[in-house]
Amino acid sequence: MPHALKQLLADRVALFGLVVIAAMTLAALAAPSLAPYPPDEQFFDGLTLEGAPLPPNGRFWLGTDLLGRDLLSRLIFGARTSLIIGIAANGVAVLTGTLLGVTAGWLGGWIGAAIMRFTDLMMAFPALLLAIALAAIFSPSLWIVALVIAMVNWVQVARVVYTQTRALVEKEFIEACRALGASGLRILGRHILPHLVPTMLVWGTLGIATTVLLEATLSFLGVGVRPPTPSWGNIIFENQTYFATAPWLVFFPGAAILLLALAFNLVGDALHDALDPTQRGRG
């Protein structure tokens, strides 16, 4: 693990991703102090005489939205929503997928077959359509949206973990542990799960990018986090009618979504290479 961390920090592309993630995380945590204005405050002078949003200017650095609210403040507070949902939803998805994948791979038989057939059934549904259906059933809120995204994102993790667990179960050192009388729980805790940690770390990083994009998509479609809670997706959804006349209302939140997803993907790819023993020593 120290070698992997050293290799990760030596990768300039991954370091750029880490800096972006750290900057956005700090901005989200310090949102009340960094944001120039409250995210829901409507300014009487925040619109033109015709009632249109103001472009970026000296007072409102990124302009205002259709209700005369400061766009920069809403983006900073929206980072909280995207990061909370991204980390919470992906964390639940990784834990759920790991639990089901390990259970199916370790037990095998009809229990493992039933778990994996259920996983295949879930994978047969398009993730976006399933998320829209679940979000429409439940009353959308921050934590409900996170739960919905977790419910559709665990299947890929379960499939990968199942495959790795089945491969590990057939290894000679596992047979040797059984021959020495080690219990199933001890074998799982000491010999199976440690080999799955790199996979969990990589999926835990790469999955956040997918989760952020899915949350933005749901919010844009109107079944995600509901206003007035700001999220980058619902900022685009609220202001899409001004795309032609006030493009900054779509460009800035879109750029934030793209930058955060790119950062997590860069870190996840670098982490995968650092933890992959077949990649060690390669340039």
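Helices and selected residues in a predicted model

In this model, which is predicted rather than determined by experiment, the axes of helix H4 (residues 71–107) and helix H10 (residues 232–239) come within 8 Å and cross at roughly 135°. On the H4 side the contact is made by Leu71, Arg74, Leu75, Gly78, Ala79 and Ser82, which meet Trp232, Asn234, Ile235 and Glu238 of H10.

Helix H7 (residues 142–169) can be described along its own length: it has 28 residues and reaches 39 Å from its first C-alpha to its last, which is close to the 40 Å expected at 1.5 Å a residue. H7 also bends, by about 35°, at Asn153.

Thr205 has its place in helix H9 (residues 184–220), and because its relative accessible area of 13% falls under 20%, Thr205 counts as buried. Leaving aside residues up to four places away in sequence, Thr205 touches Asn90, Phe264, Val267, Gly268 and Leu271.

Ile111, by contrast, belongs to helix H5 (residues 109–124), and with a relative accessibility of 31% Ile111 counts as partly exposed, since that value lies between the limits of 20% and 50%. Between Ile111 and Leu218 there is a separation of 107 residues in sequence, and from C-alpha to C-alpha they are 34 Å apart in space.

Technical notes: Residues numbered from 1 in each chain as written. Predicted model: local features only at pLDDT ≥ 70, side-chain atom pairs only at ≥ 80, totals over all residues. Heavy atoms only, no water. Helix = DSSP H or I, 4+ residues; strand = E, 2+ residues; numbered from the N terminus. Buried < 20%, exposed > 50% of the residue type's maximum accessible area, 1.4 Å probe, protein only. Contact = heavy atoms within 4.5 Å. Expected span 1.5 Å × (residues − 1). Bend = angle between axes of the 7 residues up to and from the residue. Axes fitted to C-alpha atoms, helices over the stretch in contact; angles between N-to-C directions.
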